[in-house]
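Subject: Structure for you to look at

Hi,

Here is the structure I promised you. Please open it and keep it beside you while you read my notes below.

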Amino acid sequence: MADTVRIDAKGMHYTPLNRAIKAAVASGARKIELDNIMGQRFIADGLRGDVEIIINGVPGGDLGMFMSGPTCIVHGNCEHAPGNTMDAGTIVIHGNAGDAVAHSMRGGMIFVRDDIGYRGGIHMKQYKEKRPILVIGGSARAFLGEYMAGGLILVLGRKGTHPELDRGIGSGIHGGKIIIRGDVSDKHLGVGAKKDDLKGEGREEITPLIEKFCVFFDLDPASFIDDRYYLITPASARPFASKYTWEV
Amino acid sequence: MSIGSVPLRYRISVDHDQCMICGRCVESCPYGVFRKEGEQIHVNSRVCVACHRCISMCPRDAISLVERPVDYRSHPIWTPQVKEAIYNQARTGKIILSGMGNAQDYPVIFDRLVLDACQVTNPSIDPLREPMELRTYIGKKPAHLDFKMVNGDTVLETKLSPNLLLETPIMIGHMSYGAISLNAQQSLARAVTECGTFMGTGEGGLHHSLYPYQDHMIVQVASGRFGVDINYLERGAAIEIKIGQGAKPGLGGHLPGEKICADVSCTRMIPEGSDAISPAPHHDIYSIEDLKQLVRSLKEATEWKKPVFVKIAAVHNSAAIAAGIARSSADAVVIDGFRGGTGAAPRVFRDHVGIPIEAAVASVDAKLRSQGIRNEVSLIASGGIRESADVAKVIALGADAVYIGTAALVAMGCRVCGTCYKGLCPWGIATQRPDLVARLDPDFASVNVANLIHAWTLELSELMGAAGINSIESLRGNRDRLRGYLLDESIMKVLDVKTVGA
Amino acid sequence: MCGIIGVIDRSRKRMDGTGIRAALSRMDERGSGEGAGYAAYGAFPDFKEYYALHVFFDNLHEIKPIVEEELSKWGEIEHQEPIPTYEQPNIKKVHSPWRFFFRPDLHLMPRSTTPGDDIVTHLVMKINTTIPGALVYASGKNVAVFKASGWPEEVAAFYRIQDYEGYLWLGHNRYPTNTPGWWGGAHPFNLLHWSVVHNGEITSYGTNRRYIESYGYQCSMYTDTEVVAYLFDLLIRRHGLSLEMAVKALAPPFWDEIDQMPEREQEIMRAIRLTYGPALMNGPFAIVVANQDSMVGFTDRIKLRPLVSGELGDRLYISSEEAAIRTMEPEVGEIVMPRAGEPIIGRAR
């Protein structure tokens, strides 16, 4: 089997497509290029291995769900929930993505060149060496990082001086952090989230991520690195503890 | 302090003539009811939860327990429970959490249904002498079969979906590691393996010590996605998406950080001591077509080799919801009635939200049949299955199999004290404290649970035999073999059963 | 309870009703004189292209026009007549038996592969459940059904079945528990080309009934036997199973037997049991089912009811008792007892 495999996915259902991908990975392919992708869901669902998948077109929902290792590079926009419950690996999106990007993601990285929809990074969580990272080049809609339990979300707002923000940022957050370029108004903060200026260590952490992002999308990192960032973290690790009393 | 203390829930007393001051009660009680002072056992009844551990361990039967030793003025509306909830909330201003299942005094429909037996016009069958089939397949079945002839041989053209093979229609429902101890899960896992049936992992991941039993485990994917990765999905015999549970329909779950010990943290894949919060909805399911997407993502990830179940709480519109689920490629629908147990649920939900399993199964089965899609899914009933008669009745109403939960815990010693949320279960079941967990020996507890499943299976065989039925599929949905005893007409219409005497 | 008998002539040579009447009377000990019936295939050669709808009317004046109106919505009545009856001392004529020879308009059921059968099935269900005082008790082409409350010989004389000829006959001698005296409760039960005579009780009736109801059949006879006719219609006409496979679905082998079968057979039997579990018939029964081309007899899976068969030349006989067969055909060859759940099948050429 060649190092690179090309699959024309025109009119192909996702089940045979995923079967073909798995077969290619099993026979040692290091790079798989998918042409004419149009709405096929679940691409690389549950896929393991060290392989790069180039996706030309618009993949359907749940790209890279449960994925554990591979890299997916999408030349086009994504529908909802790329990286859903993803375990390890990388997704790079040359375009926008829909709602619930990185839903319940537990490891790996997602880079979105432009904007994402509502509830990005909802319930991301981390454990030991596994720490998911979502980098959004443009803006994010409401409830970004809702219920967040771990990991990092970075919003760059590259189309202007800062991203366009919406309500409910970090609503119910009880772990992890959200870092946003420019200012974050208090009215946009969700329940149980607090904001601070990003300083020292935090800035050091984002620099390599910004550089990586800029390599993927051929951008100049300087203007991002020098700017001001806000850090959003949980006000308490037990956001709901004060709601309840025991029966006896 | 203006409200003052409420009267004792339980009074413990020690018969000092009998007591030999062995101190077993002091060791048994993690709540601190007993202390030894000088040559006498002293008690603090206020912290007692009626778990009976001390009573069961006392070698001299010297301990007595009285419930509500202090009377309130009796009143049919302003009961002690109602008043004490008000005192609690007046003090705290918070939502009351409680344990175990629905504690409200609703009539039990099972207890108003009676089963049939043969006399003269057909013979009863003795299951000891003649074949009696309880084997049950859980999963999607085709509506019809296609055959073709190849060289004079009949060949099946229809491709069957994967099904689980159960030797008895009794499974154990989802109770997570975290909610219950690892010893408890191991006991259940060994029992279901021994009995040829299945158990659920709950939303707590699959501990590596349970891998030997993974062919009998149904792995759960709930809204928190704790412990879920591709390895976990591939290990399970089937995958269950938990949408809701009968004890708290419409709510998510919340395992407090205190219960996240190192091992629990590992199987859930979250940091030690952090809260494990399962949101109320799955945030990738906001509509029925999203459910189809999650079902298919799980099937796609596991190459369509695993049946996928969807569990919902029994609520008013269960029938239509189940019909939607049946169209989603799901292989089984689990309906959890409002008597289902839980480690902790808001009392107001536990006691007031949802509907009984009997009515839910009847209406779901009827709806699926009316739409001609009953074969598309299996129907698993859970929530308040207490004995083999309940199993027989709910199967006759239309279920394929049942999940038991509380009953399996009772088989390991649970006294249904309803204090699981304290994490101090003296029986080693609903606790992570190592000394308490060590009290539950899987070598013995697994036998107790297997015994229970065997015993119910035997009783079910006898009930079927007496009804002249030697195959469980002829009991399923056979509502003609049920009669309602003092059930009102409207509920009999829902159950589609006749009254006794008719 | 009950005695059953069936005979088929594989060369489609017709017999009159004398023989089966004598055979059924031989089994009077199995009945109670409260119900008997016969079915004859090939009885209406002049109208063999028409569905012969047999109706018990409680009142011809009031109810027959309602039924005619219903029929006219779906097709044409080619011919109709009262079914000739002859007064018997012990038979109280509570219904007026009538027959319509009906041709459905096939264009009215455009998406069906068997539009005529579907229309007639719909009409039978509709009339029996919505028009009180009318009961359609037979609806096949070229099939006559004769039944009433009485002993077999009385019912035979009431209809003079010796005046009819058929290449396939069924007979049933009833011992009722549920609806004694009700003519509709007597066997054979018929729907379209299917006729059933049944001895025993189906303990899975509730399951079977709910199963076939989800396919649009409606049980209106207050007894378990009618589901057998509907199950055969569903499995064979609508699902396309062979006769052998249908019997396997209704009385399948036990799982421990299936587990021992060769791979391919195992796969088929497992599929049958998974798919047709709700069609499995439990309880004691011996059944003979016929359609225009064949006759099949089988018992329940643990053989709780008697059934024997014998052959002579082109003729196959199946009955509860050997004596009944020998009454009809003294020269019959070896008498065979089929295994539980195994069908005996006779096919006309």
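Start in chain C, where α5(C) passes α6(C) in a left-handed crossing. From α5(C), the contact uses C:Tyr205, C:Asn208, C:Arg209 and C:Ile212. From α6(C) come C:Val227, C:Tyr230, C:Leu231 and C:Leu234.Bear in mind that this is a predicted model.

The two helices cover residues 205-213 and 226-238 of chain C. Their axes lie 10 Å apart, at an angle of about 45°.

Next, chain B against chain A. The contact takes 32 residues from chain B and 39 residues from chain A. On the chain B side, α3 (80-92), β5 (95-98), α5 (230-235) and α7 (288-301) each give two or more residues. α7(B) gives the most, with 5 residues. By class, this side of chain B has 13 nonpolar, 10 polar and 9 charged residues.

A strand pairing also links these chains. Strand β12 of chain A (residues 244-246) pairs with β5(B) in the parallel sense, over 3 bridges. Look for A:Tyr244, which stands opposite B:Ile95.

Last, chain B against chain C. Here 34 residues come from chain B and 29 residues from chain C. In chain B, β9 (153-156) and α10 (357-370) each give two or more residues to this side. The chain B residues facing chain C divide into 9 nonpolar, 14 polar and 11 charged.

Best wishes

Methods: Residues are numbered from 1 along each chain as its sequence is written. Chains are lettered from A and ligands numbered from 1 in the order in which they are written. This is a predicted model: local features need pLDDT of at least 70, side-chain atom pairs count only at pLDDT 80 or more; totals for chains, interfaces and linings use all residues. Two residues are in contact if their C-beta atoms, placed from the backbone, lie within 7 Å. Helices (H or I, at least four residues) and strands (E, at least two) are DSSP runs, numbered from the N terminus. Ala, Val, Leu, Ile, Met, Phe, Trp, Tyr, Cys and Pro count as nonpolar, Asp, Glu, Lys and Arg as charged, and the others, Gly among them, as polar. Two strands pair if DSSP finds at least two bridges between them. Axes are lines fitted to C-alpha atoms, for helices over the stretch in contact, and angles run from 0 to 180 degrees between N-to-C directions. A crossing is left-handed if the near helix is turned anticlockwise from the far one by less than a right angle, and right-handed if clockwise.
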